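Trainee: Could you go through this one with me, a piece at a time?
Mentor: Gladly; have a look at it here, and then ask away.
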Amino acid sequence: MATYRTGVFAPGVPRPSSPLRAPGRLNIFIDPNQVTVINVGSMIDGTGAKPIEKAVVVVEGTKIKAVGQQGKVSIPEGQHVQTLDFPNGHLLPGLMDSHTHLMFGVPGKSYEQVIESDTDEIMLLRSIGNALTHMKSGVTTMRENGARNKITFNLREGGNRGYVTIPRLLLCGRPVTMTGGHFFWCNQEADGVDAVRAAVRELVKDGADHIKIMASGGGTAITSLLQPSYTVEELTAIVDEAHNMGKPTTAHCHATQSIANAVEAGVDMIEHLGFNEPDGSYKFYPHVVEQMAKQGTYLSPTVQTGYRGRESLLNKKEEQGKKFSKEDQVRLDWVAAKCENQLAFLGRAWSEFGVQPIAGTDAISGFGDYCIGLELMSDAGMSNMGVIQAATGTAAKAMHVEDLTGTVVPGLEADLIVVDNNPLENIKALRKMTMVMRGGERIV
Ligand SMILES: [Zn+2]
């Protein structure tokens, strides 16, 4: 029987950030004395506080220097000061995507087709484009939830050296999965408590900021989302090892049993919350969700993956008419039911149990449409302010980078966006960016 170093990370006890490296830090090559003064019609700071009308944000180098109402903040003067005026604009923290797969983004191809046809080098090049596309849609921080080998570690290194302009990356590197499990071709298969502990150690050595666990099968060949992958003992060992190194954990969970196992093991975030029953039906388990709320387990519902799949099949059906195959119709019915159930589960977890959802795209087929997921969260019954926090301040807390980014607070990095319309009135306002700034550097 393994001895667990448990007890330190009891529910509700704040976890230290990584002792090994500071996640999400960028080496940005801008003049530390450069000052940008941004005047806007209103500012939502990402903490859930009331917006400030006629606000000003002063950025010095990469950081936010001062925030407040125009006229009440002292504005630096001189040649090194530039001013940006958006009198009708709404300023928010840069958006955070808690779940991406940068090496994909090849619409119309299955995982396996991409894995077989593309080298790591091609995937790395595609990742650069995907990351940039996503950043232009306002995403200044991405939590990467799984790529093959060292693709994302190399991507981050390239960004830090200034070779490419990309968002802040929080990396899992490769997901920990059982032999033949979901995403096994990323090359981090591990079975049994000793092997999963070793996998966590190897990933942290490579530079992982968090540990992604495949706790059930998914939409990949030879795996099933109706079945759990890991035992509670294996999951507990992963969580214990990760927490010992100051790393948060997140688990991909479709099968009901996988959710129950991951929650019991104390995983910090549940992805998808499928509640897929062994017979293919769906069933919400209130006591499991109640336990998530008690433990402070975050939920990354990734509702837009199914939405995207449904849209592309609906488009195909419209194009093909009577030629639309029976298999495609079965897939369409399946994905439509999945979408509907996931939205309902998200709505209940949020409104009845107070579980905190975090925005994440699970971007696989496409990048740059981050806002769709926010719109679906709003459709599920979340308030617009709740959705904004799920995409900014609360997301930063869930990913352990709240001391770095996620809110418009002096001392944090200047990751900021400006949009023309008020997202508190209509969340679709976040579809179009007027300005995107990452670490004081204007991208859009
Ligand atoms: Zn994923």
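Trainee: How many of the 13 residues of helix 5 are buried?
Mentor: Bearing in mind that this is a predicted model, 10 of the 13 residues of helix 5 are buried, so the helix is largely enclosed by the rest of the structure.

Trainee: And what covers the buried residues of helix 5?
Mentor: The cover includes helix 4 (193–206) and helix 6 (256–265), together with strand 8 (211–214) and strand 9 (249–252). Among the residues buried in helix 5 are Glu 234, Asp 240, Glu 241 and His 243, as well as Leu 235 and Ile 238.

Trainee: What follows helix 5?
Mentor: Gly 246 does, with a positive phi near 75 degrees, and helix 3 is likewise followed by a glycine, Gly 162, whose positive phi is near 85 degrees.

Trainee: Which residues of helix 3 are buried, then?
Mentor: In helix 3, which spans residues 151–161, they are Ile 151, Thr 152, Leu 155, Arg 156 and Gly 159. These cover an arc of only 130 degrees around the axis, which puts them on the same side of helix 3. They pack against helix 2 (120–136), strand 6 (139–144) and strand 7 (168–171).

Trainee: Switching to the open sheet, in what order do the 7 strands come?
Mentor: The order is 3-2-1-4-12-13-14, with mixed pairing. Strand 3 (63–69) and strand 14 (441–442) stand at the edges with a single partner strand each, so one side of each is left without a neighbour in the sheet.

Trainee: How many bridges join strand 4 to strand 12?
Mentor: There are 4, and the two strands run antiparallel, with His 90 standing opposite Val 419 in strand 12.

Technical notes. Residues numbered from 1 in each chain as written. Predicted model: local features only at pLDDT ≥ 70, side-chain atom pairs only at ≥ 80, totals over all residues. Buried ≥ 20, exposed ≤ 12 C-beta atoms within 10 Å, placed from the backbone. Contact = placed C-beta atoms within 7 Å. Arc of directions from axis to C-beta. Pairing = 2+ DSSP bridges.
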